[in-house]
Amino acid sequence: MEHAIYLVTLVGTALVVAAAFSSLIAFRFGAPLLLLFLCIGLVTGVDGLGIEFDNARLAYFAGSLALAIILFDSGFGTPLNALRQAAGPALSLATVGVILTTGIFSVAAFYLLNLSWLESSLLGAAVASTDAAAVFFLLRAGEIHLRERVRSTLEVESGTNDPIAIFLTITLVGIIAAHANPEANVLATNLAIGFLINMGLGAVIGVLGGLGIVRLVERLNLDHGLLPIFVLTLSLMVFAAAGAVGGSGFLAVYLAGLVAGNSDIRAVTILKRFQDGMSWLAQIIMFLILGLFATPSQFPAILAPAVMLGLFLIFVARPLAVWLCLIPFRLPRPEVAFVSWVGLRGAVSILLAITPLLGGLANGRLIFNVAFIIVLVSLVVQGWTVGPLARRLGLIVPARLGPLDKVELELPGSAHHELLAYRVAPGSPVARGERIPRWARPSLVLRDGRSMRFQDMGRLTAGDQVYIFVPDRYPRLLDKLFASRAVVDPEDADFFGAFAVDPARPAGELEAAYAPGLTEVEQKLTVGALVTERLGGHAEYADRVMIGPIELIVRDVDEKGRITGLGLSFEPTAPVARVPVFLSAGEIADRVVAFFRNWRKPAQTQAAESEPGETAASEPAAQKAATEG
């Protein structure tokens with residue numbers, strides 16, 4: 001027994017270490033990290049090194065706990081401004097999008113596999129949700145600076161679509177296991193009622209649980225070493241409580257993290273670091289277990305239809321569902337195309353594919369194997385192309401800041417203040433003599449091994465380490481002051497235009513200088529207000545507006561979304577690839593109006609051409625009448 005404990009521990013830790021080392025390869029080459037984790041599990045499984053693991057209940061239990069930890073960390077790290085910015089499109093994708101993907105995919109599964117309609121829908125529900133970890137790892141590893149609207153949409157969607165897919169999967173497993181064959185209207189009614197109850201209870205318990213976590217952390221003076229474990233345990237309690245009363249535990253734990261992360265919770269820096277490490281560990285364990293559970297020797301018999309279904313999901317089901325969901329939101333076509341492509345399937349899809357095995361379904365192993373192959377196809381096809389496609393669609397923007405060396409230090413007994421340690425970077429604004437704002441209080445400077453008061457150091461130089469006492473939620477201005485200049489790619493040298501424009505100046509000056517054709521009302525606005533209005537009331541970093549012969553580019557916005565910097569160019573400086581599909585509702589309306597306008601134009605032209613003839617023909621009669629008179 002004792003020898004077995006040592007052996008299991010040795011094998012388990014060796015797998016985790018191998019997975020951790022594989023992340024270095026992924027960072028180096030931009031490979032999908034999830035694909036490497038799954039491959040390690042497959043290589044060490046029953047068809048590889050011979051480790052047998054076929055306990056479906058244990059795999060599902062461990063995967064569910066790991067997913068709960070990942071979702072809590074995802075919610076904890078999602079700022080409210082990102083949620084507000086992308087709430088409409090992301091929630092539409094997370095609800096209606098999952099249902100549409102399930103329905104469209106189930107049609108192909110029914111004809112390619114020997115499954116019933118309910119089993120095909122079950123497979124569709126299992127692969128309908130996206131994997132956030134794989135997507136954002138690729139963006140970080142490739143140093144891809146996406147537009148904020150696109151990044152926020154993907155982040156919020158991936159954090160909120162798992163509960164919907166889980167509900168659909170578990171419900172369909174229960175119906176099939178009970179050998180029920182309900183009518184379509186009865187099935188739709190039961191699903192709708194169950195969905196509202198499941199999500200409603202999960203949302204209520206999640207919000208209350210998040211508020212409870214914040215209150216307990218503030219009231220209890222726990223040791224900093226114990227506090228992260230306490231918060232993680234409370235999040236799992238929220239997850240379990242919601243599931244125990246019939247709600248969605250996954251939605252509850254995500255909302256609990258969202259509430260806690262956007263409140264003035266104590267020791268937020270320590271909590272973020274701990275949860276980041278736990279999230280990595282949860283991902284590694286979940287992916288390795290799912291890889292071990294798979295049996296690759298069973299794949300060849302279903303490889304062809306499974307690969308075809310994976311390609312159908314990538315090129316048909318997901319894009320069509322995304323387009324239908326985003327029609328009401330006048331998003332540019334390149335952004336819709338990118339969101340539709342970055343729908344990577346991952347560990348959640350494999351985890352949900354275990355539920356048919358737990359339900360004892362006759363085709364449970366077939367559904368699991370097909371879902372596993374679909375995930376592999378998604379990671380291979382989409383995982384390697386996220387960066388190149390983002391550049392091709394013109395969604396990459398230059399980095400706002402260059403290298404920044406900063407450490408956040410939590411102050412004991414202070415929930416709303418922090419001590420930041422900055423190292424002055426060469427070429428940064430403070431190294432060039434820029435002053436530190438008054439609300440920040442520099443207390444200590446380290447230079448050449450000596451520590452002195454800030455007031456006695458004079459001008460800061462590169463290499464100095466400055467300790468600054470700041471209030472909580474400090475503005476981003478400090479980061480801008482201490483960061484070096486961003487290295488701009490030669491292709492992005494003219495991204496923000498050759499000239500700077502003061503957004504506070506009257507827009508009438510643009511009309512006087514360039515005659516872009518502004519209306520009288522627009523000329524009375526400021527340039528910043530004009531750009532914001534042209535962008536639909538919300539501007540973000542790197543947004544662009546064509547106004548007659550000039551293009552205005554948003555160089556920066558403040559924390560309230562107001563434009564603080566604009567660039568001007570006389571020709572488009574960032575050509576965007578034209579996507580022939582993914583029209584929004586506004587573009588569809590514009591094209592319909594243009595069609596009818598062009599359709600009526602020939603008739604009007606023909607009528608106009610006939611008028612001179614009619615006038616000429618009437619002239620002799622008029623002259624005759626005048627003569628007779």
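**Exercise 1.** Which helix holds R149, and is R149 buried or exposed?

*Solution.* Step 1: R149 lies in helix 7, which covers residues 148–160. The model in which this is read is a predicted one.
Step 2: Buried means under 20% relative accessible area.
Step 3: The relative accessibility of R149 is 16%, so R149 counts as buried.
Step 4: Leaving aside residues up to four places away in sequence, R149 is in contact with Q85, L331, P332, E335, E540 and D543.

**Exercise 2.** Describe how helix 13 and helix 17 cross, and sort the residues of their contact.

*Solution.* Step 1: The axes of helix 13 (residues 303–326) and helix 17 (residues 364–383) come within 8 Å, and the crossing angle is roughly 50 degrees.
Step 2: Because of this angle, helix 13 is oblique to helix 17.
Step 3: The crossing is right-handed.
Step 4: Helix 13 contributes L303, A306, V307, L309, G310, L311, L313 and I314 to the contact, while helix 17 contributes V370, I373, I374, V377, S378, V381 and Q382.
Step 5: Sorted by type, these residues are twelve nonpolar, three polar and no charged.

**Exercise 3.** Where is I213, is I213 buried or exposed, and which residues does I213 touch beyond four places away in sequence?

*Solution.* Step 1: I213 belongs to helix 9, residues 184–219.
Step 2: With a relative accessibility of 2%, I213 counts as buried.
Step 3: Beyond four places in sequence, I213 touches F72, V231, L234, S235 and I265.
Step 4: For F230, the separation from I213 is 17 residues in sequence and 9.2 Å in space, C-alpha to C-alpha.

Methods: Residues numbered from 1 in each chain as written. Predicted model: local features only at pLDDT ≥ 70, side-chain atom pairs only at ≥ 80, totals over all residues. Heavy atoms only, no water. Helix = DSSP H or I, 4+ residues; strand = E, 2+ residues; numbered from the N terminus. Buried < 20%, exposed > 50% of the residue type's maximum accessible area, 1.4 Å probe, protein only. Contact = heavy atoms within 4.5 Å. Axes fitted to C-alpha atoms, helices over the stretch in contact; angles between N-to-C directions. Parallel < 35°, antiparallel > 145°, perpendicular 65-115°, else oblique. Left-handed = near helix turned anticlockwise from the far one by under 90°. Nonpolar A, V, L, I, M, F, W, Y, C, P; charged D, E, K, R; others polar.
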